[in-house]
Each structure stands twice: as C-alpha cells, then as structure tokens.
Amino acid sequence: MRPLIAGSIAAIALAASIPAVSHADDTVAPPAVEAVDVGTATIPAVSDEQARSAERADEDAADLVAELPARRTDDFGLVGVTWTRGFDATGMTVQVRLRADRAWSDWEELEVHDDEGAGGRDGTEPLWVGAADGVSVRVTSPTGERPTGLSVTTIDPGTIRSESTSSTASNAMYSTADSTAIQAVDGSPTYTPRPAIISRSDWGARRNTSCDSPRHGNETRGIVVHHTAGSNSYTASHSKSIVRAVQAYHMDGRDWCDIGYNFLVDKYGQVFEGRNGGTDRAVRGAHAGDLSVNTYTMGVSMMGTFEGSEPTAATKTAMVQLIGWRLGTTFHPATGTYSVGSRQLHRIAGHRNVVSTACPGAAAYAWLSRADGLRDRVSAYTASYASAIKSRWQELGSARTGPVAVGEYAFTNDGGGRKARLLNLDLYSSSRGTFSVGGEYRSTYATLGSQTGSLGAPAGEAEATSRSVVSLQRFGHGTVYRVVRGGNAKAYGIWGAMYDKYASLGEASSALGAPSSNQVAISGGRSRAYFGYGYMTVQADGTVTVTMT
C-alpha cells in the first residue's frame, strides 16, 4: 500500500507471539504471514472560510474543524482516526468517505472511543471496509477546537500463506476433548468445555510490546461485549485478516501494547484468541475504556456491525459457549450484577454500559438482555455445572480461597483429574480425592512441576506431625514438608525411592531430622536431598544411601 502522505507508511513484519499451547493431536504449524502495511496522514485544520463553505454545502458539516480532502491510495481493509490524548471529545464527530470499485461512498460516522487507563492515543473504533483505495475524512467539534495530532490510519493486513486454507475453526490450537457439556445419565458432573480457539500464531499475530502493570487481574468478574464495526459481508477466510488489521490499528494507530480485546468471534462462529497472556487467565485488556473494567473483565468482540441486525446464529452459539466456559469454570453466575471500580455492571454487559458509545450496536445490545438472549442462554448453559472442586470451593468460602484466577480445567497425567487456581490456594480433584494446596506447600509444589511433576496429584490436606515445627502434605508419589527454622517457614519436596526410605526411617522424627532442601538431580544420574543432620542420595541404580553428618 502506498502511503497517504509520502514517508508515512510502516511495513510491520508479523511473528508468532508466544509458543502455542496445544494438544499433541491438534498442533498446527504457524502460517507464513505477509507484512501488514500501515499508512498514516495528518488531518489538517480548516480555515473559517472553509468551515462556512462546508456547512453551506452540507449541514452535517457544521462546526467543521478538520478535513482531509479525498485522495487515492493503494488497497486497504481497515480505517480509523486517532489524536493525542487529553482532548475533550464530547460531541465530536468523525466521518470518512471511502473509494471502492471506482466509486466514492457516502459519509460514514466512526464511533469515538474514549479510553481511560490504556495509554497511547485516543481515537475512533476501527472500521473494517474489506477493500478500498481512497479515503476522505472530516471532523466536527461543537467547541470549534481541533484535537492535536489528528490523523487517519489505513491498514492492509496482508494475507496468510499456509498449506492450511480451511475456512472453519477445525485447525484451532485448543481442543475441547478435556470435558463435556452434556449431563451424563448417571448424574455425574457437568462441565462447560473450553471451545475451540484459533490461536494468535494461527491468525498471524504480531508479538506484543511490553504492557503496563497489572498484566493480569486476579479474577474475571464479568464479561463486556463489543463489536468491531464495519462490513458484515466477509468470508470465513477473511476473518484472520480482520483480526490482524484490528491488532495493527490498536498497536500502530492507538499506540497500545497489543490488540485490545481478549477474544473475537466472527459470524461463522470462529473464536480467536486476542490479547496475549493466556486464554485461561484474566488478561487485562484495553477494550472497555475504564482501567478497572479492563482489569477484571473479559472483553469479547463480535466481528461486524449490529445496529440494525442481530449477530448470526453461529456467532450467538459461539458467544454462549465462550462466555459460558469462562463464567462456569470460575463459578460466576451469568445474571445479576457485580461491582468493578466505581461501577455496578451486569455480569454480561455491553460496552455502552461502561462508556458513552453505541457499541455493540442496538440490535446486539437488545439481544443481551431479552428473553432467551445471551444472559439467559449462558445461564441455562452453566446451570448444571457441578464438580467436586466447585463444592470444595463453596465449603472453604471465598474469604479463605480468594477469587478464581484460572478456572477449573482437566489434566491428564497421573491418572487425570481437574484443577482450579485461586488467589490463595489451588484446588485439585482426582481419583485420590479433592484437596487444596496453599501457602509454602503451593510454592514448592509449583517449583517441582505441580501435578505434572515428580510428586503427582495431591493425596491429602496439609497436616501436623509429632514435631511442632514440621507439618506435611501427602501427594501421590511423595510428600512436601513445611519446616520452621529461626521463625521462618520453608517447604521441601521428597518423592519416589528417597521418600520411601525416609518414611521407613520415621521421616522428620528420624535421626536425619527435617529436610533442609528439595530433592534435586546431581551428577551421574543421581538425586540428593539434605536434612538437619545428614543427606540422602538416590544412586543411579535406584538404591538409596543415607549419610549422617
């Protein structure tokens, strides 16, 4: 794409953001992605005479403060307008005309999007136009003031060159094989499964820059629903390009660290991973226009415009499954209200409930709250959610557990089971039972690989021993010992043959005393752990020796 003004173009090479999280049976090689072309041009101020002339020609141009005359460009797919932060945009309008198929469109208004706490530049929502080769912009303001740094950004997202050209979500990097949403006949637990999610590497995401702290919230308290705006006439194969274009506008037009939304859903029901940081985690986005809301909500954007028409049936179903998965696995209801910052929001809210905007469009917004709308459907979808972990969470109480940071999910090693990560502790459920792991036990268990490590899944709750300064927690293949020395508590893990030998000696009551290190690998295929009065070594042949010091 040629620049709107010479020298303003930036060609940005795309790269995979992070190694994809995948299952062995559904890994997809990252596709080759063309560079994204970003063009920018200043929108100059108008003179008083130009403003009067524009108003005489078109009453919608009253209070005209800036205008970019119509000009040709190379092809682009997305357009937006930005300006320096701090301008009071109340009442300001931004309109664009676009050239496509050798004809100029009527003026179309872009939604002005104020954003508190996301940094970067203020601007409009981006408009997906598919294919255009010319642009004109006009800006009106009731104060007669023009924002500084006013510019238009046009983006050609390029194409993906990949052997995989499927237009469905079948090549998503996340499978749904870990759980089921169907209630078994015997009344066994029902979970809301993670839907198929097209990964950042699969849609060709750029690597994000460093985002401000906090990078994550400690829970997802609710959902904010958006739309991307623009044409609803796109094919399934265009969707990845739309997501790339939105990311480029957010990063290069708005100067954000990454795409603002956590997830995007197209009209074919494809779900795309948005902002980097983990699909299971409460990643702080830049979608809502409010720092607290960005931190504690999941922003989901439906791809299209929904002012006069509702989302497709496929979009609706995907929204129910995506939102139901997040709310269900974090034990939140789909209805009712909650507090976030200074606001009281519905658990599933529209963007217009947070800031003054038309987003997600009148028809989509009405669908959220009507009978059998989004809230009702998600509520029905999660109504049967029951699990041993959820029951244990309710039994312990939120004051002890803290909020759910990573919702309940399945693991397959050590016989399989389920896990949820909460602020103060982790909860596990497996064939060994349902147990919590917190405090020093949690920290040490995590350094040793948690349930995927040598200790295996938890086999009991923490318990006291005959020595007041030593307590322990049992796991499938060993034990973590919490030891207080000099007023400081630390925990150490012992497993396998070494644990069997230590247990036969009497553990912390033995002549070795309490552990003073984790069991670690040493040279020659051996492992060793130190204790108060000696050390133990697992030899390469599996025998265990005890050395007193």
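# Notebook: looking around a predicted model

I started with tyrosine 530, which is partly exposed because its relative accessibility is 39%. My scale: buried is under 20% relative accessible area, exposed is over 50%, and partly exposed lies in between (1.4 Å probe, protein chains only).

Residues are numbered from 1 along each chain as its sequence is written, and side-chain values use heavy atoms, with hydrogens and water left out.

**Entry: aromatic rings**

I counted rings of Phe, Tyr and Trp (its six-membered ring) as a pair if their centres lie within 6.5 Å; planes under 30 degrees apart are stacked, over 60 edge-to-face, and the rest tilted. That rule gives 11 aromatic pairs. In one of them, tyrosine 530 and tyrosine 535 have ring centres 5.4 Å apart and planes at 50°, so I wrote the pair down as tilted. I also found an aromatic cluster made of Tyr191, Phe331, Tyr385 and Trp393.

**Entry: the disulfide**

How many disulfides does the structure hold? I found one, taking a disulfide as a pair of cysteine sulfur atoms within 2.5 Å. Cysteine 211 is joined to cysteine 257, with S to S at 1.8 Å. The two sit 46 residues apart and link distant parts of the chain: cysteine 211 is in the loop between α2 (200-203) and β13, and cysteine 257 is in the loop between α3 (239-253) and β14 (263-265). The labels come from DSSP runs, helices being H or I with at least four residues and strands E with at least two, numbered from the N terminus. The torsion about the S-S bond of cysteine 211 and cysteine 257 is about 90°, so this disulfide is right-handed. Both cysteine 211 and cysteine 257 are buried.

**Entry: a four-stranded sheet**

Next I looked up an open, antiparallel sheet of four strands, ordered β20-β21-β22-β23. Its edges are β20 (404-411) and β23 (433-438); each has a single partner strand, so one side of each lacks a neighbour in the sheet. From one strand to the next the twist averages 15°. For angles I used lines fitted to C-alpha atoms (for helices, over the stretch in contact), running from 0 to 180 degrees between N-to-C directions.

Strands pair here if DSSP finds at least two bridges between them. β20 and β21 run antiparallel and are joined by five bridges, with phenylalanine 411 opposite glycine 417 in β21. They form a hairpin with five residues between the strands, and aspartate 414 in the turn has a positive phi of about 50°. β21 (residues 417-422) and β22 (residues 425-430) are also antiparallel over five bridges, and lysine 419 faces tyrosine 428 in β22. Helix α10 (residues 439-447) packs on the sheet, touching β21, β22 and β23, and its direction makes about 95° with that of β23. Contact means heavy atoms within 4.5 Å.

**Entry: histidine 477**

I found histidine 477 in the loop between β25 (470-475) and β26 (478-485). Is histidine 477 buried or partly exposed? It is partly exposed, because its relative accessible area is 38%. Leaving aside neighbours within four places in sequence, histidine 477 touches Asp414, Arg432, Ser454, Leu455, Gly456, Trp495 and Gly496.

Definitions and conventions:
Predicted model: local features only at pLDDT ≥ 70, side-chain atom pairs only at ≥ 80, totals over all residues.
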